[in-house]
Structure formats: C-alpha cells, structure tokens
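Here is a friendly note to read with the model open beside you. Take the points one at a time, and find each residue on screen before moving on.

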Amino acid sequence: MRLTAGESVASKTSRDVLGRGLRVLGQAIREQPRIFAVAVSGSVLFGLLVIASAYVVGGVVGNVVVPAVERGEVARGALALAATALFGISVLRVVGIFGRRLGAGYMQYRLQAAYRRRVTRRYLELPLAWHHRNSTGTLLSNANSDVEAAWYPIAPMPFAVGTLVMLVGAVASLFFTDWALALVGLAVFPALFALNVVYSRRMAPRQARAQRLRAEVSGIAHESFDGALVVKTMGREAQETARFAARAGDLRDALISVGRLRGVFDPMLETLPSLGTLAVLVVGAIRLRQGAITVTELISVAFLFTVLAFPVRAIGWVLAELPRSVAGWDRVRRVLDATGEMPYGTRTLDPATRTPATLAFHDVHFAYEPAEAHLPGAQVLGEVTFTVPAGKTVALVGPTGAGKSTIASLAVRLVDPGAGRVTLDGVDVRELTAASLAGTVALVAQVPFVFDDTVRANIALDRAGIGDDEVWAALRLAEADGFVAALPDGLDTMVGERGTSLSGGQRQRLTLARALAGRPRLLVLDDATSAVDPRVEAAILAGLRAPADGGAPASILVVAYRRATIALADEVIYVEQGRVVARGTHTELLATVPGYADLVTAYEQAEQEREQKQTYDEVTPMTSGLEIEVDR
Ligand SMILES: Nc1ncnc2c1ncn2[C@@H]1O[C@H](COP(=O)(O)OP(=O)(O)OP(=O)(O)O)[C@@H](O)[C@H]1O
Ligand SMILES: [Mg+2]
C-alpha cells in the first residue's frame, strides 16, 4: 500500500519535472528564437536526409549492385546518378550538422552568459540583509554551475526536435512503402523511445547525486586549503584528509553506479535497432515473396532501421538532463525573483558642495532578519539618536557586539532602519539616488577588502576624476604613501588575492585611501585603523580633520578604542547593547561613566601587553594625539 503511494508520488514528481523542464526549454526558445530556428532547421534537414540516404542506398543496391551480381552488367548511368545523389546528400548533411551544432552551441553559451550576467547583477542589487542569509559558496554555484545546469539540455535539444520530425517522416515513408513493414517500425521506434526514457529516468538521480558530490568534494578541498593555517597549526591534517577521502569515496561510488547503468543500457540501445532490422528482413522476405515489395524497398527499409538508432538517443540526452536543468533553473530563479531590493530615491545633494555633510540618526531601531522567516529578528539597535555636525568628528565607543558596525552600516545605507530615520544634510538617505549617496559618504569597513589588482586600481576603482595625483594625495592622508612608494612597482604593484602580500595595517590603510580618494563629505571609519600603529592612527585622524593640502575636511564618524584616537573627537557617543548610554567629551565620559572608563582602560592594558610581545611595522612609543597635532 505504502509502496504504491510512494510510486505514484514518484511518477507524479517525474511528470512534474518533465512538464517544468519543457517549460524551461520553452523559455530558452522564447529568448533565442532565431538561433533556435537555425539549429532546428539544420537538424530537420539532417533527419530528412538520413531517410533519403536510406532510400538512395536501397536504390543503388537494388538497381545497380543486384543486376551487376546477377547478370554481370553495370548500369553506368544509374551508378553515376546514385553517386551524385549520395554526394549531394552527404554535402547537405554536413550543412545540416553544421547548422545544428553551431546553433545549439550559440544558443547554450549565449543563454549561459546572459543568465550569469543577470544573476551577478541581481546580487549587487540585493540588499545586505539578503547576503547575510546566503553563503559565498551558494552565490558562486548559483552563478556558475546552476546557470550551466539550467541550460545543459539546450545542446542536444535541436537534435532531439529534428529527430522527432525524422521519426514521423520515417513512419510515413514506411507506410508509403508497405504497411507490414510500417507495423514493424511502429513497434520498434516507440520501444526505442521508451527504452531511452527509462534509461534517462534511472540515470537522472544518479547523475544529480554525482553532481552534488562533486560540489561537496571541491567545497571540502577549498575549505581546507583556505584554512591551511588553522589545519596545520591545530594539527588537523589527518582529520581533514579523512573528511576529504570519505566524500571522494562517495563520489567514486556514485560515478561507478552511473557507469554500471550505462553498461546495462548502452548495449540494449545498440541491440534494439538490430533486432528491428532482423524483423524487417523476416517480414520483408515474406512480403517480397508475396510480391508486395521490391528488393530495393526491402534494402532501403532495412538500412533505415540501422541509421535511425543513433539520432533517437538525442531525445534520451535531453530527457536525462531535464531534472538537473529544472533544479538549476529553480536556484537561478530564486536569485532573480528575490525580493527585498533596496530602491533608491530621486533626490540629490548638491554635487558642487564640498563642505562636510551633517549626519543624523533620529530614533533609529534595527533588527537583523532572522535566519528562519517565522522567527522574530533580535533587536540590535533601539532609540539611537545622535548627530555628527558638519566638519566634526564623533567617536563611537562601546563593548564588542554593542552595535557599532550596525550603526556604521546604517550611516552609509548598507541596511535600512526598521523604524526611525537616518539623514544626510536633513534628507532621509532612502530618498537619495545611489550616485548621490556614493558621492557623499564613504565607509571603511572593519574587515578590509582588497581586490586582486594593482594598488592604483584598488584605490581609484575606475571612478572618474581619480588620477595618479589624487591617488597619491589619498595615500598621503592615509599615511600609506611611504610603504607604497617602497613597493617594487609602486602604484602598479599587484597586491595578491585579498591583499595577501600586504600586512594587516597596510591593507587597512589602502582601504582608507580608497575611501578618501572619492573625497567623501562624510567618512565612516569602523575600527578601520586597528592594525595600524597607534601613533600613525592618531596622525591619520588628525590629518583628516585638518587636511594639509587645505582641502575641506570631512565629517567623521569613527569607531575607535584607543585613548589617543578618541581624544581627538569632538564628541564621544558611548553605546551598550544597541542603546546610546552616554555622550560627551572623552574627559567627561571618563569621569562620569564607569563602563566607559573600564572599557578604555581595559583596551589600553591589552594593547600594552600586546605591544610588549610584538613590534608594529613602524615602532614608536605611544604618544597623545594632541602632541601629534602640534608636531604636524
Ligand atoms: N549579519 C548579522 N545577522 C544577525 N545578527 C547580527 C549580524 N551582524 C551582527 N549581528 C548582531 O548584532 C549585534 C551588533 O553587532 P555589531 O557588529 O554591530 O557589533 P559591534 O559593536 O560592531 O561589535 P565589534 O566591536 O565586535 O565589532 C551583535 O549582537 C551581533 O551578534
Ligand atoms: Mg563591529
């Protein structure tokens, strides 16, 4: 009872997959109708010529070879005619194959490229909240293997469509020749078709499993190479090797099971047409004796059966790829149909204004989206209100997890508040255009990201109006000109994947220079100089507040811990558990807020201990920020 229920579910889902797979193919045809027409025309031409060639070969044997054998005379005229016909057919068949292959290839690769572009563009449109829920691995496989899988059946599809036309033509030609032979055809072709369907149905889950395991094996390999440092220092080589070996073994078994199925079905698919040919010869011999058909016709039909077998397999190829295609298509659609887009407004801030911007948070509340939709998101920020006045520096201080990075993300509109407003010069950031926002604010994130490119490209990012002079000016402000000038190729030095050839502090200063090169009117620094020597950190901040080149200073919101850095701020905002607990100058807070004093002192102690153990890349004793400012 349960078995029947399971079976009916299975057959229902496979019918479902067939229907949905055909709809995916329909979508492909709608997107590339002309190329599809070329490919199918090539394929239909080929199919009809296969039938024609069978009749020409039959004609040659019946009219030239048989008389020659029986009577020893060669009908030269007929032979020449047949040779010409066969040659013509061969040429046209080549044209057909060419058209089909070229069309199918074009169609498949064009669709893949188009959908890769769509998926990656969509990634960049989707808000950060969506990215928090989707791993990098998933994003990569959506844009690569899922897009590829969705369009796999496109390659054999024109062949399969042409084959269907050919089968109809073949059956028609059989009826035209002799009804008894046609009946043999009607028995053999559907059997061949059914065998292909069974084959592909059995094959599909095995191949899907193999595909999934391939991804897992490379995922494990990727992770253990990526984490080579942890693996080695923690002595996890044996465990990692075992984890990899287990999955690699599963993949081997899955591939062997694919091979075993192929071993069973391939011979059957080869044999069936031969059995058909045998049946044709038996039935044909009887019909020949009855005088219903000629030798020519018999040979033609027998030959037709042998040449039809191969193209029929194309239908099986398409069917075999459909489940994988549907699965890939579903994942691609999930990205393309993802909602939660962050629409930009239409207002702009005067681009000519180079004066610092005013940032204000008005009673902002924020919760990250929960991992599962039905759960409530945990409140991260509540009633956050503060202002960074034009040209001023505000330090954001608070224990780890207090919500400082979240405030920084809200300030540059990487995320939107659940309630309340974030404004720039009095305009809600949600009303601004993307360009206006990007031209006004810059965030230097807690974790620096460096592209695998030259120093110059990493700073300029192809933005208009940023030439080498601007790049050097930004590097000077970020106190990075010294080390960049000392690099072997200067601005042209490649920094390696994620900046692996740079020290942590150098990476941070490079990303700072990137932000500065755009001359933002509001700069948000999220613990952006933590790996930099404290003296240099204070010098950077002092330089930003009063640029040496006389340029306009930016308003600055800086997440910081070091006393020297905080002391430079006009105001300090102290946050705990997503709430603004206290605000005032550094001295005021030290005197009045015990939690603040504890935090700053604890950080200082930790830093001093660290300093004793390790030397920074530019060693100097810690001095107060004010002295630095006087120095300059
Ligand atoms: N992507 C996320 N999804 C869910 N919760 C998050 C996410 N990012 C941060 N949180 C949570 O929000 C709270 C605030 O995090 P946030 O990163 O803003 O803290 P922070 O003050 O910057 O901490 P740190 O000093 O360690 O950088 C924390 O409780 C954290 O667990
Ligand atoms: Mg943070």
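The points below go from the whole chain to the two ligands and then to some single residues.

1. **Ground rules.** This is a predicted model, in which local features need pLDDT of at least 70 and side-chain atom pairs count only at pLDDT 80 or more, while totals for chains, interfaces and linings use all residues. Residues are numbered from 1 along each chain as its sequence is written, chains are lettered from A and ligands numbered from 1 in the order in which they are written, and side-chain values use heavy atoms, with hydrogens and water left out.

2. **The whole chain.** The chain has 21 helices and ten strands; these are DSSP runs numbered from the N terminus, with helices being H or I of at least four residues and strands E of at least two. How does the radius of gyration of the chain compare with that of a compact globule of 632 residues? The chain has 36 Å, whereas such a globule would have a value near 26 Å. (The radius is taken over C-alpha atoms, and the globule rule is 2.2 Å times the number of residues to the power 0.38.) Along the principal axes, the C-alpha atoms fill a box of roughly 120 × 60 × 50 Å. Of the 632 residues, 43% count as buried. Here buried means under 20% relative accessible area, exposed means over 50%, and partly exposed is in between, with a 1.4 Å probe and protein chains only.

3. **Around ligand 1.** The shell consists of H132, Y368, V380, T400, G401, A402, G403, K404, S405, T406, Q446 and Y561, where a residue counts if one of its heavy atoms lies within 4 Å of the molecule. By class, four of these residues are nonpolar, seven are polar and one is charged. (Ala, Val, Leu, Ile, Met, Phe, Trp, Tyr, Cys and Pro count as nonpolar, Asp, Glu, Lys and Arg as charged, and the others, Gly among them, as polar.) Helix α11, residues 404–411, gives the most to this shell, with three residues.

4. **Polar contacts of ligand 1.** Look for oxygen atoms of the ligand facing the protein's polar atoms. A polar side-chain atom of T400 lies 2.5 Å from one oxygen atom, and a polar side-chain atom of Q446 lies 2.7 Å from an oxygen atom. G401 takes part through its backbone, with an N or O atom 2.8 Å from an oxygen atom of the ligand. (A polar contact is a pair of N or O atoms within 3.5 Å; within protein, one must be able to donate a hydrogen and the other to accept it, and residues adjacent in sequence count only if both atoms are side-chain atoms.) Taken alone, ligand 1 exposes 630 Å², and the protein buries 63% of that.

5. **The magnesium ion.** Which protein atoms are the donors of ligand 2? They are OG of S405 and OE1 of Q446, lying 1.9 to 2.3 Å from the ion. The pair links distant parts of the chain, 41 residues apart: S405 is in helix α11, and Q446 is in the loop between β6 (441–444) and α13 (455–460). Donors are N, O and S atoms within 2.8 Å of the metal (3.2 Å for Na, K and Ca), and water is not among the atoms, so sites may look incomplete.

6. **Two positive phi angles.** R413 is not a glycine, yet its phi is positive, about 55°. D462 is not a glycine either, and its phi is about 60°. R413 lies in the loop between α11 and β4 (419–424), and D462 in the loop between α13 and α14 (468–477). Are these residues buried or exposed? R413 is buried, at 4% relative accessibility, while D462 is exposed, at 79%.

7. **Helix α19.** T592 is found in this helix, which covers residues 586–592. A polar atom of its side chain lies 2.8 Å from the backbone oxygen of E588. T592 is exposed, with a relative accessible area of 61%.

8. **Sequence and space.** G505, in helix α16 (residues 504–517), is 25 residues from S530 in sequence and 7.7 Å from it in space, C-alpha to C-alpha. V198, in helix α7 (residues 179–226), is 50 residues from E148, with 24 Å between their C-alpha atoms.

Conventions. Accessible areas come from the Shrake-Rupley method with a 1.4 Å probe; for residues, only the protein chains shown count as cover.
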